[in-house]
Amino acid sequence: MTAIVDYGVGNLFSLQSSLRFLGLEAEVTCAAERLRAAERIILPGVGAFGDARAKLDATGLVPVLLEEAERKPLLGICLGMQLLFDRSFEYGEHPGLGLVPGEVAFLGEDGGAVKVPHMGWNRLEIVRDDPLFKYFQNGAYVYYVHSFYARNCRESTLGTSRYGNLAVTGAVRRGNVWGTQFHPEKSGEAGLRLLRAFAEL
Amino acid sequence: MLAKRIIPCLDVRDGRVVKGTNFQGLRDMADPVELARFYNGSGADELVFYDITASAEGRGLFTDILRRVASEIFIPLTVGGGIRTLEDFGRVLKCGADKVSVNSGAIADPSIIAAAARRYGDQCVVLSMDVKRVDGKFRLFAKGGREDTGIDAMEWAVRGVEDGAGEIVLNSIDTDGVKNGFDLEMLDALAARVKVPVVASGGAGNREHFAELFTHPGVDAGLAASIFHSKQVDIKDLKRFLQGRGVEMRL
(Lines give C-alpha, C1' and ligand atoms only; values in the text may rest on other atoms or scores of the structure.)
Protein backbone atom coordinates (compact mmCIF):
# COMPACT_ATOMS: atom_id res chain seq x y z
CA MET A 1 0.00 0.00 0.00
CA THR A 2 1.14 3.52 -0.81
CA ALA A 3 0.25 6.10 1.80
CA ILE A 4 -0.48 9.61 0.53
CA VAL A 5 0.11 12.05 3.36
CA ASP A 6 -2.97 14.17 3.98
CA TYR A 7 -2.04 17.36 5.80
CA GLY A 8 -4.67 19.61 4.31
CA VAL A 9 -2.94 20.87 1.17
CA GLY A 10 -3.37 19.94 -2.45
CA ASN A 11 -5.44 18.02 -4.91
CA LEU A 12 -5.12 14.48 -3.61
CA PHE A 13 -7.97 13.20 -5.75
CA SER A 14 -5.88 13.03 -8.93
CA LEU A 15 -2.87 11.54 -7.19
CA GLN A 16 -4.94 8.79 -5.61
CA SER A 17 -6.83 8.22 -8.88
CA SER A 18 -3.62 7.90 -10.87
CA LEU A 19 -2.26 5.22 -8.52
CA ARG A 20 -5.56 3.36 -8.63
CA PHE A 21 -5.58 3.67 -12.41
CA LEU A 22 -2.27 1.80 -12.35
CA GLY A 23 -3.88 -0.91 -10.22
CA LEU A 24 -2.01 0.14 -7.08
CA GLU A 25 -3.43 0.37 -3.62
CA ALA A 26 -3.33 3.94 -2.37
CA GLU A 27 -4.58 5.42 0.85
CA VAL A 28 -4.94 9.09 1.73
CA THR A 29 -4.12 9.31 5.41
CA CYS A 30 -2.86 11.45 8.26
CA ALA A 31 -2.47 8.55 10.69
CA ALA A 32 1.07 7.73 11.88
CA GLU A 33 0.35 4.00 12.04
CA ARG A 34 -0.77 3.98 8.41
CA LEU A 35 2.50 5.61 7.35
CA ARG A 36 4.34 2.98 9.35
CA ALA A 37 2.29 0.19 7.78
CA ALA A 38 2.73 1.49 4.22
CA GLU A 39 5.25 0.06 1.77
CA ARG A 40 5.98 3.54 0.49
CA ILE A 41 4.91 7.10 1.13
CA ILE A 42 4.04 10.05 -1.06
CA LEU A 43 4.26 13.57 0.33
CA PRO A 44 2.17 15.84 -1.94
CA GLY A 45 1.64 19.56 -1.63
CA VAL A 46 0.65 22.81 -3.29
CA GLY A 47 0.54 26.37 -2.00
CA ALA A 48 3.05 28.29 0.12
CA PHE A 49 6.01 26.62 1.83
CA GLY A 50 5.67 28.24 5.26
CA ASP A 51 1.99 27.49 5.41
CA ALA A 52 2.45 23.88 4.33
CA ARG A 53 5.28 23.35 6.80
CA ALA A 54 3.09 24.66 9.61
CA LYS A 55 0.27 22.35 8.58
CA LEU A 56 2.60 19.39 8.38
CA ASP A 57 3.98 20.21 11.84
CA ALA A 58 0.43 20.43 13.19
CA THR A 59 -0.25 16.82 12.14
CA GLY A 60 2.64 15.64 14.32
CA LEU A 61 3.82 13.45 11.41
CA VAL A 62 7.25 15.02 10.88
CA PRO A 63 9.15 12.63 13.21
CA VAL A 64 7.29 9.69 11.65
CA LEU A 65 8.24 10.81 8.13
CA LEU A 66 11.89 11.26 9.12
CA GLU A 67 11.93 7.80 10.66
CA GLU A 68 10.10 6.03 7.85
CA ALA A 69 12.31 7.69 5.21
CA GLU A 70 15.14 5.59 6.63
CA ARG A 71 13.44 2.34 5.72
CA LYS A 72 11.07 2.80 2.78
CA PRO A 73 10.73 4.86 -0.39
CA LEU A 74 9.38 8.36 0.10
CA LEU A 75 8.38 10.57 -2.83
CA GLY A 76 7.76 14.29 -2.45
CA ILE A 77 5.79 15.94 -5.24
CA CYS A 78 5.91 19.66 -6.09
CA LEU A 79 5.79 21.52 -2.78
CA GLY A 80 6.16 18.09 -1.18
CA MET A 81 9.55 17.86 -2.90
CA GLN A 82 10.53 21.35 -1.75
CA LEU A 83 9.74 20.37 1.83
CA LEU A 84 12.44 17.69 1.64
CA PHE A 85 15.22 20.29 1.45
CA ASP A 86 17.03 22.15 4.24
CA ARG A 87 15.24 25.45 3.88
CA SER A 88 13.08 27.68 1.68
CA PHE A 89 13.23 31.41 1.02
CA GLU A 90 9.56 31.66 0.07
CA TYR A 91 8.31 34.79 1.86
CA GLY A 92 10.97 34.76 4.57
CA GLU A 93 13.02 31.77 5.56
CA HIS A 94 11.51 28.47 6.63
CA PRO A 95 13.12 25.21 7.69
CA GLY A 96 12.51 22.13 5.56
CA LEU A 97 12.76 18.49 6.58
CA GLY A 98 16.47 18.32 5.79
CA LEU A 99 16.18 14.98 3.99
CA VAL A 100 17.87 16.29 0.85
CA PRO A 101 20.65 18.91 1.00
CA GLY A 102 19.77 22.14 -0.76
CA GLU A 103 17.46 25.11 -0.60
CA VAL A 104 14.39 26.52 -2.28
CA ALA A 105 14.43 29.97 -3.92
CA PHE A 106 12.31 32.21 -6.15
CA LEU A 107 12.44 31.40 -9.86
CA GLY A 108 11.98 35.02 -10.86
CA GLU A 109 15.33 36.13 -9.39
CA ASP A 110 17.52 33.44 -10.91
CA GLY A 111 15.62 32.63 -14.09
CA GLY A 112 16.00 35.91 -15.95
CA ALA A 113 13.12 37.24 -18.03
CA VAL A 114 10.79 34.30 -17.60
CA LYS A 115 7.16 34.11 -16.65
CA VAL A 116 6.44 33.06 -13.10
CA PRO A 117 4.81 30.65 -12.30
CA HIS A 118 6.68 28.18 -14.48
CA MET A 119 3.47 26.60 -15.69
CA GLY A 120 3.12 24.01 -18.40
CA TRP A 121 4.87 21.12 -20.12
CA ASN A 122 8.65 20.99 -20.14
CA ARG A 123 11.14 18.29 -21.10
CA LEU A 124 12.78 16.41 -18.27
CA GLU A 125 16.42 15.75 -19.14
CA ILE A 126 17.86 12.93 -17.08
CA VAL A 127 21.25 13.84 -15.62
CA ARG A 128 21.68 10.71 -13.54
CA ASP A 129 20.01 7.40 -14.26
CA ASP A 130 17.84 5.96 -11.54
CA PRO A 131 15.31 3.15 -11.07
CA LEU A 132 12.66 5.89 -10.95
CA PHE A 133 13.22 6.30 -14.70
CA LYS A 134 12.84 2.58 -15.47
CA TYR A 135 9.87 3.23 -17.79
CA PHE A 136 10.55 6.91 -18.49
CA GLN A 137 11.87 8.19 -21.79
CA ASN A 138 14.63 10.78 -21.42
CA GLY A 139 13.37 14.16 -22.60
CA ALA A 140 9.67 13.35 -22.21
CA TYR A 141 7.43 16.28 -21.30
CA VAL A 142 6.21 16.61 -17.73
CA TYR A 143 3.83 19.13 -16.21
CA TYR A 144 5.12 21.85 -13.90
CA VAL A 145 3.35 24.50 -11.85
CA HIS A 146 5.59 26.36 -9.43
CA SER A 147 7.18 29.71 -8.62
CA PHE A 148 10.03 28.49 -6.39
CA TYR A 149 12.66 25.88 -7.22
CA ALA A 150 15.36 23.83 -5.54
CA ARG A 151 18.99 24.89 -5.93
CA ASN A 152 22.43 23.99 -4.57
CA CYS A 153 21.41 20.35 -4.73
CA ARG A 154 23.53 19.09 -7.62
CA GLU A 155 24.62 15.87 -5.89
CA SER A 156 21.01 14.77 -5.49
CA THR A 157 19.69 15.94 -8.85
CA LEU A 158 18.38 13.24 -11.19
CA GLY A 159 16.77 15.41 -13.84
CA THR A 160 16.36 19.03 -14.89
CA SER A 161 14.23 21.16 -17.21
CA ARG A 162 15.49 24.19 -19.09
CA TYR A 163 13.61 27.40 -18.28
CA GLY A 164 15.07 30.82 -19.02
CA ASN A 165 18.65 30.83 -17.76
CA LEU A 166 18.05 27.92 -15.47
CA ALA A 167 18.27 24.17 -15.42
CA VAL A 168 15.31 23.84 -13.05
CA THR A 169 15.63 20.95 -10.62
CA GLY A 170 13.00 18.48 -11.82
CA ALA A 171 13.76 15.28 -9.92
CA VAL A 172 16.02 14.48 -6.97
CA ARG A 173 17.05 11.51 -4.90
CA ARG A 174 18.97 10.92 -1.72
CA GLY A 175 18.89 7.40 -0.33
CA ASN A 176 15.27 6.31 0.04
CA VAL A 177 13.97 9.79 -0.62
CA TRP A 178 12.89 10.92 -4.07
CA GLY A 179 11.28 14.16 -5.17
CA THR A 180 9.75 15.60 -8.33
CA GLN A 181 9.07 19.28 -8.82
CA PHE A 182 6.64 18.44 -11.62
CA HIS A 183 3.36 16.60 -11.10
CA PRO A 184 3.62 12.99 -12.30
CA GLU A 185 -0.11 12.59 -11.64
CA LYS A 186 -0.75 15.37 -14.17
CA SER A 187 1.93 14.49 -16.71
CA GLY A 188 -0.12 12.08 -18.80
CA GLU A 189 1.48 8.81 -19.89
CA ALA A 190 5.01 9.96 -18.96
CA GLY A 191 3.91 10.68 -15.41
CA LEU A 192 2.11 7.38 -15.02
CA ARG A 193 5.28 5.58 -16.11
CA LEU A 194 7.20 7.32 -13.38
CA LEU A 195 4.62 6.47 -10.73
CA ARG A 196 4.66 2.85 -11.84
CA ALA A 197 8.42 2.75 -11.37
CA PHE A 198 8.11 4.36 -7.94
CA ALA A 199 5.60 1.70 -6.96
CA GLU A 200 8.19 -0.96 -7.83
CA LEU A 201 10.98 0.56 -5.73
CA MET B 1 11.64 25.59 -22.53
CA LEU B 2 7.91 25.26 -22.11
CA ALA B 3 5.89 23.77 -24.92
CA LYS B 4 3.00 25.88 -26.16
CA ARG B 5 -0.27 24.40 -24.99
CA ILE B 6 -3.31 23.40 -27.02
CA ILE B 7 -6.44 23.42 -24.88
CA PRO B 8 -9.89 22.26 -25.88
CA CYS B 9 -12.68 23.85 -23.92
CA LEU B 10 -15.85 21.98 -23.01
CA ASP B 11 -18.90 24.02 -22.10
CA VAL B 12 -21.12 21.73 -20.07
CA ARG B 13 -24.82 22.18 -19.45
CA ASP B 14 -26.99 19.54 -17.80
CA GLY B 15 -24.29 16.95 -18.30
CA ARG B 16 -23.71 17.63 -22.00
CA VAL B 17 -21.14 19.60 -23.98
CA VAL B 18 -22.44 22.62 -25.86
CA LYS B 19 -20.80 25.40 -27.84
CA GLY B 20 -22.25 28.65 -29.02
CA THR B 21 -21.34 31.24 -31.60
CA ASN B 22 -21.00 34.71 -30.17
CA PHE B 23 -22.28 33.18 -26.92
CA GLN B 24 -25.74 32.58 -28.37
CA GLY B 25 -27.54 29.73 -30.12
CA LEU B 26 -26.00 26.90 -28.14
CA ARG B 27 -25.78 23.54 -29.87
CA ASP B 28 -25.52 20.15 -28.19
CA MET B 29 -22.30 18.38 -29.07
CA ALA B 30 -21.28 15.35 -27.01
CA ASP B 31 -20.81 13.49 -23.79
CA PRO B 32 -18.14 15.31 -21.75
CA VAL B 33 -16.37 12.21 -20.40
CA GLU B 34 -16.26 10.64 -23.85
CA LEU B 35 -14.94 13.84 -25.36
CA ALA B 36 -12.33 14.27 -22.59
CA ARG B 37 -11.05 10.75 -23.30
CA PHE B 38 -10.86 11.52 -26.98
CA TYR B 39 -8.91 14.74 -26.42
CA ASN B 40 -6.52 13.12 -23.98
CA GLY B 41 -5.82 10.45 -26.58
CA SER B 42 -5.19 13.01 -29.27
CA GLY B 43 -2.64 14.97 -27.24
CA ALA B 44 -4.54 17.84 -25.62
CA ASP B 45 -2.23 19.55 -23.12
CA GLU B 46 -4.97 20.50 -20.72
CA LEU B 47 -8.77 20.45 -20.57
CA VAL B 48 -11.06 23.28 -19.60
CA PHE B 49 -14.59 22.63 -18.39
CA TYR B 50 -17.06 25.46 -18.11
CA ASP B 51 -20.15 24.75 -16.12
CA ILE B 52 -22.89 26.78 -17.79
CA THR B 53 -25.66 25.17 -15.80
CA ALA B 54 -27.98 27.30 -13.76
CA SER B 55 -29.79 24.63 -11.72
CA ALA B 56 -28.63 22.81 -8.61
CA GLU B 57 -29.20 19.40 -10.28
CA GLY B 58 -27.06 20.50 -13.20
CA ARG B 59 -24.33 21.52 -10.80
CA GLY B 60 -24.39 18.08 -9.20
CA LEU B 61 -24.17 16.45 -12.63
CA PHE B 62 -21.18 18.65 -13.40
CA THR B 63 -19.17 17.64 -10.33
CA ASP B 64 -19.95 13.98 -11.08
CA ILE B 65 -18.58 14.44 -14.58
CA LEU B 66 -15.51 16.19 -13.25
CA ARG B 67 -14.85 13.35 -10.82
CA ARG B 68 -15.22 10.77 -13.58
CA VAL B 69 -12.84 12.68 -15.86
CA ALA B 70 -10.27 13.17 -13.09
CA SER B 71 -10.35 9.44 -12.28
CA GLU B 72 -9.00 8.42 -15.65
CA ILE B 73 -7.41 11.44 -17.30
CA PHE B 74 -4.11 12.64 -15.90
CA ILE B 75 -3.48 16.00 -17.48
CA PRO B 76 -4.31 19.40 -15.95
CA LEU B 77 -8.01 20.17 -15.61
CA THR B 78 -9.33 23.69 -15.29
CA VAL B 79 -12.85 24.38 -14.19
CA GLY B 80 -14.88 27.53 -14.56
CA GLY B 81 -18.45 28.75 -14.59
CA GLY B 82 -20.44 29.84 -11.59
CA ILE B 83 -17.38 30.33 -9.37
CA ARG B 84 -18.33 33.02 -6.87
CA THR B 85 -17.11 31.98 -3.44
CA LEU B 86 -14.21 30.21 -1.78
CA GLU B 87 -16.57 27.27 -1.24
CA ASP B 88 -17.01 27.04 -5.01
CA PHE B 89 -13.23 26.79 -5.37
CA GLY B 90 -13.11 24.09 -2.73
CA ARG B 91 -15.99 22.15 -4.27
CA VAL B 92 -14.33 21.74 -7.70
CA LEU B 93 -10.77 21.31 -6.39
CA LYS B 94 -11.99 18.38 -4.30
CA CYS B 95 -13.41 16.73 -7.42
CA GLY B 96 -10.08 16.74 -9.20
CA ALA B 97 -9.74 20.21 -10.74
CA ASP B 98 -6.21 21.65 -10.70
CA LYS B 99 -7.08 25.21 -11.62
CA VAL B 100 -10.21 27.24 -11.11
CA SER B 101 -11.21 29.91 -13.52
CA VAL B 102 -13.11 32.90 -12.18
CA ASN B 103 -14.77 35.51 -14.36
CA SER B 104 -18.04 37.18 -13.37
CA GLY B 105 -17.49 36.06 -9.79
CA ALA B 106 -14.39 38.27 -9.60
CA ILE B 107 -16.27 41.21 -11.10
CA ALA B 108 -19.00 40.84 -8.48
CA ASP B 109 -16.42 40.45 -5.69
CA PRO B 110 -12.80 41.22 -6.65
CA SER B 111 -11.55 40.09 -3.22
CA ILE B 112 -12.21 36.47 -4.23
CA ILE B 113 -8.94 36.38 -6.20
CA ALA B 114 -6.72 37.26 -3.26
CA ALA B 115 -8.71 35.04 -0.89
CA ALA B 116 -8.51 32.03 -3.21
CA ALA B 117 -4.82 32.59 -3.98
CA ARG B 118 -4.06 32.73 -0.27
CA ARG B 119 -5.97 29.57 0.51
CA TYR B 120 -5.23 27.42 -2.54
CA GLY B 121 -2.14 29.03 -4.07
CA ASP B 122 -1.64 31.40 -7.02
CA GLN B 123 -1.16 28.51 -9.41
CA CYS B 124 -4.75 27.41 -9.17
CA VAL B 125 -6.40 30.80 -9.66
CA VAL B 126 -7.11 31.60 -13.30
CA LEU B 127 -8.59 34.96 -14.16
CA SER B 128 -10.81 34.59 -17.20
CA MET B 129 -11.83 37.78 -18.98
CA ASP B 130 -14.35 38.51 -21.74
CA VAL B 131 -13.09 41.60 -23.51
CA LYS B 132 -14.48 43.76 -26.29
CA ARG B 133 -13.42 47.01 -27.90
CA VAL B 134 -15.58 49.95 -26.96
CA ASP B 135 -14.60 53.34 -28.43
CA GLY B 136 -11.18 51.94 -29.29
CA LYS B 137 -10.52 50.77 -25.70
CA PHE B 138 -10.38 47.23 -24.36
CA ARG B 139 -13.36 46.93 -22.04
CA LEU B 140 -14.16 44.16 -19.58
CA PHE B 141 -17.55 42.50 -20.09
CA ALA B 142 -19.57 40.47 -17.62
CA LYS B 143 -22.30 37.83 -17.76
CA GLY B 144 -20.91 35.79 -20.61
CA GLY B 145 -20.13 38.87 -22.66
CA ARG B 146 -23.54 40.52 -22.42
CA GLU B 147 -22.79 43.36 -20.04
CA ASP B 148 -20.24 46.17 -20.35
CA THR B 149 -18.74 46.73 -16.91
CA GLY B 150 -17.08 49.99 -17.92
CA ILE B 151 -13.81 48.62 -16.48
CA ASP B 152 -10.57 48.90 -18.47
CA ALA B 153 -9.67 45.28 -19.25
CA MET B 154 -5.89 45.71 -19.05
CA GLU B 155 -6.09 47.47 -15.67
CA TRP B 156 -8.33 44.65 -14.51
CA ALA B 157 -5.77 42.04 -15.55
CA VAL B 158 -2.88 43.83 -13.85
CA ARG B 159 -4.85 44.10 -10.65
CA GLY B 160 -5.91 40.46 -10.84
CA VAL B 161 -2.29 39.34 -11.14
CA GLU B 162 -1.26 41.58 -8.24
CA ASP B 163 -3.98 39.91 -6.20
CA GLY B 164 -2.63 36.46 -7.03
CA ALA B 165 -4.10 35.22 -10.31
CA GLY B 166 -1.55 32.76 -11.70
CA GLU B 167 -2.80 32.72 -15.28
CA ILE B 168 -5.07 34.75 -17.53
CA VAL B 169 -7.49 33.49 -20.14
CA LEU B 170 -8.30 36.28 -22.55
CA ASN B 171 -11.43 35.73 -24.56
CA SER B 172 -11.99 38.34 -27.22
CA ILE B 173 -15.69 38.88 -27.82
CA ASP B 174 -14.74 40.67 -31.04
CA THR B 175 -13.25 37.51 -32.54
CA ASP B 176 -15.16 34.78 -30.66
CA GLY B 177 -17.12 32.44 -32.89
CA VAL B 178 -16.08 34.28 -36.06
CA LYS B 179 -13.22 31.86 -36.84
CA ASN B 180 -11.10 34.54 -38.42
CA GLY B 181 -8.14 34.12 -36.12
CA PHE B 182 -7.23 35.05 -32.57
CA ASP B 183 -7.27 38.68 -31.44
CA LEU B 184 -3.52 39.22 -31.68
CA GLU B 185 -3.63 42.93 -31.00
CA MET B 186 -5.57 42.42 -27.78
CA LEU B 187 -3.31 39.53 -26.71
CA ASP B 188 -0.15 41.56 -27.29
CA ALA B 189 -1.58 44.40 -25.24
CA LEU B 190 -2.23 42.00 -22.37
CA ALA B 191 1.09 40.15 -22.60
CA ALA B 192 2.92 43.47 -22.37
CA ARG B 193 1.24 44.16 -19.04
CA VAL B 194 1.41 40.87 -17.11
CA LYS B 195 4.14 38.32 -16.34
CA VAL B 196 1.91 35.30 -15.78
CA PRO B 197 0.97 32.80 -18.53
CA VAL B 198 -1.58 34.06 -21.07
CA VAL B 199 -4.11 31.76 -22.72
CA ALA B 200 -5.69 32.98 -25.97
CA SER B 201 -9.34 32.26 -26.58
CA GLY B 202 -11.81 33.24 -29.27
CA GLY B 203 -11.39 33.18 -33.00
CA ALA B 204 -9.60 29.94 -33.90
CA GLY B 205 -10.83 28.75 -37.28
CA ASN B 206 -7.95 26.73 -38.71
CA ARG B 207 -4.37 25.55 -38.13
CA GLU B 208 -2.84 28.69 -39.56
CA HIS B 209 -4.50 30.74 -36.85
CA PHE B 210 -2.57 28.79 -34.21
CA ALA B 211 0.70 29.11 -36.13
CA GLU B 212 0.16 32.86 -36.31
CA LEU B 213 -0.80 32.97 -32.62
CA PHE B 214 2.43 31.34 -31.48
CA THR B 215 4.62 33.80 -33.35
CA HIS B 216 3.53 36.13 -30.54
CA PRO B 217 5.95 35.23 -27.73
CA GLY B 218 3.74 36.50 -24.90
CA VAL B 219 1.10 33.88 -25.62
CA ASP B 220 1.48 30.52 -23.88
CA ALA B 221 -1.56 28.58 -24.98
CA GLY B 222 -4.41 28.53 -27.45
CA LEU B 223 -7.87 27.54 -26.37
CA ALA B 224 -10.74 26.59 -28.68
CA ALA B 225 -13.95 24.61 -28.65
CA SER B 226 -16.06 24.15 -31.75
CA ILE B 227 -13.24 23.57 -34.26
CA PHE B 228 -12.06 20.68 -32.09
CA HIS B 229 -15.50 19.30 -31.21
CA SER B 230 -16.58 19.32 -34.85
CA LYS B 231 -13.30 17.55 -35.74
CA GLN B 232 -12.62 20.28 -38.25
CA VAL B 233 -9.16 20.46 -36.64
CA ASP B 234 -7.61 17.36 -35.08
CA ILE B 235 -5.34 18.18 -32.13
CA LYS B 236 -2.67 15.64 -33.03
CA ASP B 237 -2.48 16.93 -36.62
CA LEU B 238 -2.45 20.49 -35.38
CA LYS B 239 0.43 19.84 -33.00
CA ARG B 240 2.49 18.10 -35.68
CA PHE B 241 1.78 20.96 -38.04
CA LEU B 242 2.85 23.54 -35.47
CA GLN B 243 5.99 21.63 -34.64
CA GLY B 244 6.82 21.66 -38.34
CA ARG B 245 6.48 25.41 -38.17
CA GLY B 246 9.01 25.63 -35.38
CA VAL B 247 6.64 25.84 -32.42
CA GLU B 248 7.66 23.74 -29.42
CA MET B 249 4.95 21.13 -28.88
CA ARG B 250 4.53 18.17 -26.56
CA LEU B 251 4.20 15.25 -28.96
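A crossing of two helices is called left-handed if the near helix is turned anticlockwise from the far one by less than a right angle, and right-handed if clockwise. This is a predicted model, in which local features need pLDDT of at least 70 and side-chain atom pairs count only at pLDDT 80 or more, while totals for chains, interfaces and linings use all residues. Residues are numbered from 1 along each chain as its sequence is written, chains are lettered from A and ligands numbered from 1 in the order in which they are written, and side-chain values use heavy atoms, with hydrogens and water left out.

Helices (H or I, at least four residues) and strands (E, at least two) are DSSP runs, numbered from the N terminus.

**Helices of chain B**

The axes of helix H3 (residues 86-94) and helix H5 (residues 111-120) of chain B come within 10 Å and cross at roughly 45°, which makes H3(B) oblique to H5(B). Axes here are lines fitted to C-alpha atoms, for helices over the stretch in contact, and angles run from 0 to 180 degrees between N-to-C directions; those under 35 degrees count as roughly parallel, over 145 as roughly antiparallel, 65 to 115 as roughly perpendicular and the rest as oblique. The crossing of H3(B) and H5(B) is right-handed. Contact (heavy atoms within 4.5 Å) is made by Leu86(B), Phe89(B), Gly90(B) and Leu93(B) of H3(B) and by Ile112(B), Ala115(B), Ala116(B), Arg119(B) and Tyr120(B) of H5(B).

Thr63(B) lies in helix H2 (residues 56-72) of chain B and, at 9% relative accessibility, counts as buried, a term that means under 20% relative accessible area with a 1.4 Å probe and protein chains only, against over 50% for exposed and partly exposed in between. Leaving aside residues up to four places away in sequence, Thr63(B) touches Arg91(B) and Cys95(B).

**Strands of chain A**

Two strands pair if DSSP finds at least two bridges between them. In chain A, 4 strands form an open sheet of mixed pairing in the order E6-E5-E7-E11, with E6 (94-95) and E11 (148-151) as the edge strands, each pairing on one side only.

| Strands | Bridges | A bridge pair |
|---|---|---|
| E7(A) and E11(A) | 4 bridges | Val104(A) and Ala150(A) |
| E9(A) and E12(A) | 2 bridges | Ile126(A) and Gly159(A) |
| E12(A) and E13(A) | 6 bridges | Ser161(A) and Val168(A) |

Strand E12 (residues 157-163) of chain A has 6 of its 7 residues buried, so it is largely enclosed by the rest of the structure. In the hairpin of E12(A) and E13(A), with 2 residues between the strands, Gly164(A) takes a positive phi near 60°.
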